[in-house]
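Colleague: Please put the model up. I have some questions about its parts and how they meet.

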Amino acid sequence: MSFTVPAKLEAEIDELITHYPADKKRSASLMLLHALQEHFGWLSKDAIEWTATKLGLQPINVFELVTFYPMFRQQPAGKYVIKVCRTLSCALGGSGKLHEHFCTKLGLDAHAHGLQTSKDGKFSVEFVECLASCGTAPVMMCNEEFYEGVSHAKADEILGKCG
Amino acid sequence: MPQQFRLILKNVDAAGFTNDIDCYMRNGGYETLKKALAIAPKDLPDGKKMSPQEQLRDDVKLSGLRGRGGAGFSCGLKWSFVDRRSGKPIYLICNADESEPGTFKDRQIIHKDPHQLIEGMIISCFANDVKLAYIYIRGEFPEGARILNRALNEARAKNFLGKNILGSGQDIEIHVHRGAGAYICGEETGLIESLEGKRPYPRIKPPYFPAILGLWMCPTIVNNVETLCHVKHIVQMGAAEYAKLGTPNNTGTRIVSLSGHVKKPGYYEIEVGKVTLGELINHPDFGGGLLDGRKLKAIIPGGSSSKVLKAGEKFKLKKKGPDGKDIEQETDVLDLPYDFDSLMAAGTMSGSSAVIVIDDSADVVEVLANISEFYAHESCGQCTPCREGSLWMSKTLHRLTHGGGRKGDADYLVKIADNIPGGRTICAFGEACSWPVQSFVGKFKEDFVARGAADEAKRGGIDASHSKAVAPVSAT
């Protein structure tokens, strides 16, 4: 199957590239990868090669970004990705239990490393490092939505809202 | 009477204040930019002229403004290092990568008063002859990026940005650039590499001082969100007035992010040095004290990299006596004025002004294990001492918190931590990952030794687990 970027998305990407001097297109790499991941849900080998071609780079220049930056995914995730903050203030505020709560509810292993996806492919859960809202611990994100002071009841509510 | 002083946060959370440009302008927004653009060249006694840009840079220097991102370096001095003779373009980058654990102040500005930042940036661009600037915002702030993009569009529509802004002949453009979840991008040279579309491996200095060889090998200024907001207020108030805020050498205000075991965690803006650490934690206008029945154990005073302070610790601080001579005064940890210099004198730092309070319900071994796991995850991997050291410290703390500890782990941790920083790594991450380990183990050694000893006793000796594992082999 060939990899196609819809015209509307490509137009957005072309606009993003103009934010950088014409001979510094490489700088747009992260912004392009965000745009592609938002659209496709993950970054396939084809997406990486497409980005490289678009910016006049070698695929390795793009691949090494995808493997380094924690937000980029090389495999599909659930429709809803839940990121629970693991770092100190949230840990003091009960984020360990919150993460466990999600895992138990969704039939995942709370002690496994990295991103895990529920059997039905609807939810992924992962621990992430500091989300910079330490005063309202514990905090989390569900896709791009940010939630603070998340009790277990609020966690259930968030899951319930995911259609 | 300790109190908040809302300069940067004046509009944040104010009733009826919204983050759009109309509301900002109704509250005096962009008037300071107009004021800056209208500054006339000044005649100097020697017959030379001082350009408006030079006057603005001079103001920032005179204000005493120190960077609010972590290092507390003089902003005016940083600007003065910029290579203005190379003929290359000069770039400005706003560091909005806010990711030091404990810190959540820039989030408030970006989400609730984005135009204040943009106005501060445009003034800073003008003052430094910058035509193109970026806001490097952490990837986990998608909403913040959207808000900033909308705000930038609003500013463009009013010609505060773009070509010939407000008829001044100046072209200034600002774009938002998103990171993707790496803490090291908060380090300015790592940030620059990331903005160039590479892995954010920090650059070695010399020669790669951003002021000379920064973004695309051009002179570059990297300032924190809060710092750039202060620039706007310095121009608005005048440097001398601004410098009256705070305390000498620690001028202005700072937003303190208070989290952990206090009744009222949150962001509190104070005049630098006018409020003590104890007041931040206990005063009803700030943290409101510890949770009922708990006792203070430790304070992380400036983000998780800063060295921990132990409850009851005493420090000898130099103070000016009535006769003007320096006298040494014994100061309890809770009486430390919250500023750059006092915390440095206490052997730690105010860093990104993130105070994390730890009470006696927490186990310091678990706390350090959590911090070290963060640094092990975030080390970029470029320098061996940091890449390996941060991981070994985290692994050692993992075994200490999972029943596999040893009595000697405390000394072992310090030995590793002592061998990472001090010029063995390219950037300050080496220090950042070592300081918590050195200070936690140094100040709470008995907790770490006891934990290891208890594990050893359970296993019946240091090598019990090991010998059990090899027993079947030796039996055959």
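This is a predicted model: local features need pLDDT of at least 70, side-chain atom pairs count only at pLDDT 80 or more; totals for chains, interfaces and linings use all residues.

Modeller: Residues are numbered from 1 along each chain as written, chains are lettered from A in the order written, and side-chain values use heavy atoms, without hydrogens or water.

Colleague: How many helices and strands does chain B have?

Modeller: Helices (H or I, at least four residues) and strands (E, at least two) are DSSP runs, numbered from the N terminus. By that count, chain B has 19 helices and 15 strands.

Colleague: What is the radius of gyration of chain B?

Modeller: It is taken over C-alpha atoms, and the globule rule is 2.2 Å times the number of residues to the power 0.38. For 476 residues the rule gives 23 Å, and chain B is close to that, so it is as compact as a globular protein of that length; its radius of gyration is 24 Å.

Colleague: How far apart are the C-alpha centres of domain 2 and domain 3 of chain B?

Modeller: Domain bounds come from an automatic or database domain assignment. Domain 2 covers 256-359 and domain 3 covers 364-459. Their C-alpha centres lie apart by 24 Å.

Colleague: Which residue of chain B forms a salt bridge with B:Lys443?

Modeller: A salt bridge is a side-chain nitrogen of Lys or Arg within 4 Å of a carboxyl oxygen of Asp or Glu. The count between domain 2 and domain 3 of chain B is 2. For B:Lys443, the closest N and O atoms are 3.0 Å apart, and the partner is B:Glu313.

Colleague: What area is buried between chain A and chain B?

Modeller: Contact means heavy atoms within 4.5 Å; 35 residues of chain A are in contact with 55 of chain B. Buried area is the accessible area (1.4 Å probe) that two parts lose on being put together, summed over both. Carbon and sulfur atoms give 60% of it, and the total is about 3700 Å².

Colleague: Which element gives the largest share of the side of chain A that touches chain B?

Modeller: The count between these chains is 3 salt bridges, and A:Glu38 forms one with B:Arg178. Helices H2 (29-40), H4 (59-68) and H5 (88-92) of chain A each give two or more residues to that side. The largest share, 5 residues, comes from H2(A).
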